[in-house]
Amino acid sequence: MAAVMQQLATPPAASRLLLSGNEAVARAVWESGVRVAAAYPGTPATEIIESLARYPDLHAEWSVNEKVSMEVALGASMTGARAFCAMKHVGLNVASDCLMTMTITGAYGGLVIAVADDVGMSSSQNEQDSRFWGRFAHIPVLEPADSQEAYEMTKYAFALSEQYETPVLLRLTTRICHVKGLVNAGEREAHEPAGFIKNPQRWVMVPAHAKTRIPGLFQRDETLRGVAETSPLNILEAGTDRRVGFVASGPAYMHVKEAFPDAPVLKLGFSYPWPPEKLRALAAMCDKLLVVEETEQLLETEVKAAGIACHGKDVLPRMGELSPQVLSPAVDRLLGRTPPPEAAPATPMKVFPRPPTLCASCPHMGIYYTLSQIKNLIVTGDIGCYTLGAGHPWNALDTTICMGATMGVALGIDKGRGAVDKHKRILAVIGDSTFMHMGMQGLLDITYNKGNITVLLLDNNTTGMTGGQATPASGKDIHGKEAPRVDLAKVVEALGVANEHIKTVDPYELPVLFKTIREEIKFEGPSVIIARRPCVLIDEFKPFRPYLVEEDKCTGCGNCIEVGCPAIHVTRREKAIKPSGREVELAFVTIDNQACTGCGLCVQPCAPDAIQHVPRRDIPIHIVKT
Amino acid sequence: MSRDQITNILVCGIGGQGVMTATEILAEAAIAEGHDVKKTEVAGMAQRGGVVTSHLRFGRKVLSPQIEPGTVNVLLGFEGAEALRWSHYLRPDGLALVNNAKLVPPVVELGLFDYPEDPAGQMRAAGRRVVSFDAMSIARELGEVRLGNTVMLGAIADYLPFAPDVLLACIVKRFARKGETVVAANRRAFAAGREAVARQLGATVGTPA
């Protein structure tokens, strides 16, 4: 992926392209003449800035967190430049401090925020509904329903932003971001910034200035309600079967059209402020009104408050993705019908679960294997691949909340614990990218408040979970070009950790790792262990000579399986009676040498030395370094 | 399958197997035939050895991007247990084309769960139309395991509402810049995939279903 990003290719000419929603937004951002686009990676929004980095004539950046990305976009807008930032739903929580005041200053150059909700929670710690931010921050919300609309609405959002001097929220969901569809694309239009104008009443948000501007927010809401009323993005489709009329936005609209092609539908593209007259017109033409919205009961509540009778979450689920098969029985219930038996969903076959795993040679495996061997530990965790440490076989992670929370939670456990937990050691795990996103402040809090915490800083030289994006500690920028590289050990020291309690270790060297952790958790005070090895999915990782299991030497002890490597497989199981009389199950293993990249983690707990390098003549061709 | 109908193809496997790329090529073929197309998958954590499904829908106008249970025309399974996991997505008359590779995850190796003994057999017992074959062995016989994905595409080629050559042309286009040798190898892999399925169904390659 990094290699692809290094190329700044000429974008494809205006034509019909197969684009994901993310790629369609990126294309439209570029065509809109945007000069600055910023983001912190986050599923499902990551690919927006990743694609934008391949377009010329704009500054695209990985920011350290979403709040900074929004501030960068706002600054650019202050000069009259068109500006853009993108984030996942939880990213907007981080950026909300900026958003809630930026709405008062308003935009100068067109300013668009793309926020992607992970409806169904494929890769997030919660499922929250970003449409609320439109209400909270008094800004318009646009909701595309496919890639073509994502493209068109992004372009419209910049014009809307400039006309009403408002930031615009482009609300996406996983089924917009990660669905590819055909898009009729155009070409880039130049948009020269008008220039920064000193205007403290507008840009310096002290109480006296903000007070004069807040009435403008309410005025803007009313004006935009009028815009929504006549907007071509809000389409009332009359339909022929008037028993139930639907209000829907985003992917929900597609599900409604698929399940009820003949029903009246109000499709909300300009979904906040929503158009009350259009809604009343729909209500008047059908027997029952159903608000179809994914996750929260938001529009339904507002529609009811406006005095329009409607249904919604009384028949529809309050979490997860909707689909035609979810909608049909709900409408049957609404109409008092019994769903036909053939409408019952097919029953899935019983198959073992296949949760995500750490990759073969993943440096985090060494960490969690080691932590699983240490007793009386409370391990606080964070957001990234290393959250998988909570799973089998390690079961070595006790908390995960939000970006950077490992630090504060660890300190809180330290300060709050009673006698029952006094003998336990507290260890906070965090990745390099997450540390720079929001972990540094937490560590400062630990040192300042004299926490008795050992921090394990897992430096894999990238943002791993989202597919390997550069960070300030990877020495590369978004294009893969050389960039200033922050020294994490120096940062940690500057944050107040004593130099003799900052250790750097190799997570592949289990004995050293084990000893270092044991030493540092005994120390009464803050300490940091930096475990450094590149993620196996980035260019910096070079595979080593793979291993095999010498069958006659394997005793079936199963120690290597406890490392958790997906390249180790059991060939046979046997029951055996130990000298103590206890029955144990032996598991004899093999190593898939197509998958093994030779980290050697499994070699270390193997007592009979049954794991050996493969002979040089058998080294698979994908291994370049031995 | 008439043009007004929507064709639903579900491709399933494990992160890293090439499921998404194979679906991308199928999508390109449908576009070349003038269809409206939607393709979706859940990415994110999927690349860490987890389950991957790629949904491809095409026809005159595609609305909802997700395929629903009981509506799949062809299930292209890159792994046995994964094909079994998604088999309830098949229509009663749907066809499952399954690479009988067995990729066993750590949770099974740890003894926490069992891997099904005969996934394809279990699907047949449940009344599914299943063709299973060893795409990797076929690829290995052709001299390169990386041809496995083209074998898989060959396998589905005769069960699409357009000529196999449309799909083959998209594969050739993808590998064109790698030279004639690579293109020729992919042509052979494509043909071998078609042959493997046709042999089992007693059909003759060259007459699309």
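**Exercise 1. Find the residue that stands opposite Ala39(A) in β4(A), and describe the strands involved.**

Solution. Ala39(A) faces Ala86(A) in β4(A). The strands here are β2 (residues 36-39) and β4 (residues 83-88) of chain A, which pair in the parallel sense over 4 bridges. Two strands pair if DSSP finds at least two bridges between them. Strands (E, at least two residues) and helices (H or I, at least four residues) are DSSP runs, numbered from the N terminus.

Before going on, note that this is a predicted model, in which local features need pLDDT of at least 70, side-chain atom pairs count only at pLDDT 80 or more, and totals for chains, interfaces and linings use all residues. Residues are numbered from 1 along each chain as its sequence is written, chains are lettered from A and ligands numbered from 1 in the order in which they are written, and side-chain values use heavy atoms, with hydrogens and water left out.

**Exercise 2. Describe the open sheet of 4 strands in chain A.**

Solution. Step one: the order is β9-β11-β10-β13 (chain A), again with mixed pairing. Step two: β9 (234-237) and β13 (288-292) of chain A are at the edges because each has a single partner strand. Step three: direction ignored, neighbouring strands of this sheet are turned by 15 degrees against each other on average. Angles run from 0 to 180 degrees between N-to-C directions, and axes are lines fitted to C-alpha atoms, for helices over the stretch in contact. Step four: β10 (residues 244-248) and β11 (residues 265-268) of chain A run parallel and are joined by 3 bridges. In this pair, Phe246(A) stands opposite Val265(A). Step five: α14(A) lies across β10 and β13 of chain A, at about 150 degrees to β13(A).

**Exercise 3. Characterise the contact between chain A and chain B.**

Solution. Step one: 51 residues from chain A and 52 residues from chain B take part, where contact means heavy atoms within 4.5 Å. Step two: the two chains bury about 4,500 Å² between them, 61% of it on carbon and sulfur atoms. Buried area is the accessible area (1.4 Å probe) that two parts lose on being put together, summed over both. In chain A, Met349(A), Phe352(A) and Arg354(A) lose the most area to chain B, together 18% of what that side buries. Step three: there are 4 salt bridges between the chains. One of these joins the side chains of Arg354(A) and Glu82(B) (2.5 Å, N to O). A salt bridge is a side-chain nitrogen of Lys or Arg within 4 Å of a carboxyl oxygen of Asp or Glu. Step four: β8(A) and strand β2 (residues 36-41) of chain B pair in the antiparallel sense over 3 bridges. There, Val179(A) stands opposite Thr40(B).

**Exercise 4. Where in chain A is Pro44(A), and what is the peptide bond from Thr43(A) to Pro44(A)?**

Solution. Pro44(A) is in the loop between β2 and α3 (46-52) of chain A. The bond from Thr43(A) is cis, with omega near 10 degrees.
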